[in-house]
Amino acid sequence: MGRRWLPILGALTLLAGCSLPADDEAETPTLEAPGTVLTTVTPTRQDLSNTISLTGKVTIDPVFGITAPVDGEIRYLDRQPATEPATTDLWVASVWKDGEPHEVNIPAGSILAGRLLADGARVTTGMPVVSATHAGYGIVADITTEHAYRLAANVGTVKAQIKNGPGPFDCKPLGAISALPAGTIPEAPAPDPTGTTPPEQQPPGQSGSEATGLRLVCTAAKDVKLINGVDVTLEMVTGKATNVLVLPVEAVAGSQGKGKVDIVDGEQQRRTVDVTLGLTDGKVIEIKSGLKGDEKIAIPGPNLPDAEAPAQDPASGGVVLPGPVG
């Protein structure tokens, strides 16, 4: 019986020798303190160009918008759409500011399509006020909200490439980068009751232009062969800058010249500062001011606060509107 217990006692002794001492037990990993930043980037310098690619189609007689040149009051001339495109720039309205008129013209090669506002309405610089139809082929590309602000300030140069066709070639932008409301045409004078005016000299009965979404309209040179409906790729360079300070777009909150970034201190804590923004290529964005260039910047950038939700009336379950009571 004594010999049978010897192997068992040996195995127990071996297991006891393999156990870890209490002082050598594995430690549980600790988490970083709340607010600690783990990913940072330092601003760099590089040449930058703002290039945007869009897809479009060749279209017959595309509609485009003409904008107000200044803030003021729009006054339309009593013009009816013609049957032939204008041979020179055609004056169709004026924006009055401080007692001075500022002309609104549709370009040569186009036809008046409609008024976009009521006569006498207040307008601001860059607001579409007149619609026009380009006579002949044009190229139309829809624009997303993401690209609208990058294009609004300066369309710049536009190159077009027709799928399996001509290109690249220059494409001249027409009118505004903006969605257009429906255009209206003022009621034409009554036909000559005496019947002495030839029909070709009487005003044509035309309706106004239809509403459009955000889009770019451009035209090619006459020697470029276009076919209605074919697909086109457009590339626009809206600006260039040399040796400018940049950050990844993920590190910046904001747009249209104003933004915020989070500077990370030696204890890995964030401090939000304002910066002035410039060009972007979609990957990096120019920092015009607000940083020296040697800071550590957090990625992702700061979160902009959400709009405050209106207070709820607990009694009725409705929204409490600000204002006097009683």
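Why is the disulfide of C171 and C218 right-handed? The torsion about its S-S bond is about 90 degrees, so the disulfide has that hand. This report describes the model in which the bond occurs.

The structure is a predicted model, in which local features need pLDDT of at least 70 and side-chain atom pairs count only at pLDDT 80 or more, whereas totals for chains, interfaces and linings use all residues. Residues are numbered from 1 along each chain as its sequence is written, and side-chain values use heavy atoms, with hydrogens and water left out.

**Overall composition**

The secondary structure of the protein comes to two helices and 20 strands. Both kinds of element are DSSP runs numbered from the N terminus: helices are H or I with at least four residues, and strands are E with at least two. Of the 326 residues, 33% count as buried; buried means under 20% relative accessible area, exposed over 50%, and partly exposed in between, with a 1.4 Å probe and protein chains only. The protein exposes about 20600 Å², of which carbon and sulfur atoms supply 54%. Such areas come from the Shrake-Rupley method with a 1.4 Å probe, and for residues only the protein chains shown count as cover. Among contacts (heavy atoms within 4.5 Å) between residues at least 6 apart in sequence, 74% join residues at least 24 apart.

**The disulfide**

A disulfide is a covalent bond between the sulfur atoms of two cysteines; here the criterion is a pair of cysteine sulfur atoms within 2.5 Å. The structure holds one disulfide, and in it C171 is joined to C218 with an S to S distance of 2.1 Å. The pair links distant parts of the chain, 47 residues apart: C171 lies in the loop between β12 (169-170) and β13 (172-174), and C218 in strand β14 (residues 215-219). C171 counts as buried because its relative accessibility is 3%, and C218 is buried as well, with a relative accessible area of 0%.

**Strand pairing**

Strands of a sheet pair through backbone hydrogen bonds, either parallel or antiparallel. In this account two strands pair if DSSP finds at least two bridges between them. An open sheet of four strands has the order β6-β5-β4-β8, with antiparallel pairing. Its edge strands, β6 (100-106) and β8 (122-123), each pair on one side only. Strand β14, which holds C218, is joined to β10 in turn.

| Strand pair | Bridges | Residues standing opposite |
|---|---|---|
| β4 (residues 72-76) and β5 (residues 90-97) | four | E73 and W96 |
| β2 (residues 44-60) and β10 (residues 137-142) | five | I60 and Y137 |
| β10 and β14 | four | V140 and V217 |

**A buried histidine**

H134 has its place in strand β9 (residues 128-134). Is H134 buried or exposed? H134 is buried, with a relative accessible area of 15%. Leaving aside residues up to four places away in sequence, H134 touches D61, P62, F64, G109, S110, L174 and T219.

**Cavities**

A cavity is a set of points, on a 1 Å grid over the protein atoms alone, where a 1.4 Å probe fits but cannot get out; lining residues have an atom within 4 Å of a point. Grid points are joined across faces, edges and corners, and a volume is the space filled by probe spheres set on the points. The structure holds two cavities of 30 Å³ or more, and about 60 Å³ of space lies in the largest cavity. Its lining includes Y76, R79, V92, V130 and T184. The largest share of that lining, three residues, comes from strand β7 (residues 110-115).

Terms used. 1 Å grid on protein atoms, 1.4 Å probe; cavity = no way out; pocket = protein on both sides within 12 Å on 5 of 7 lines; lining within 4 Å.
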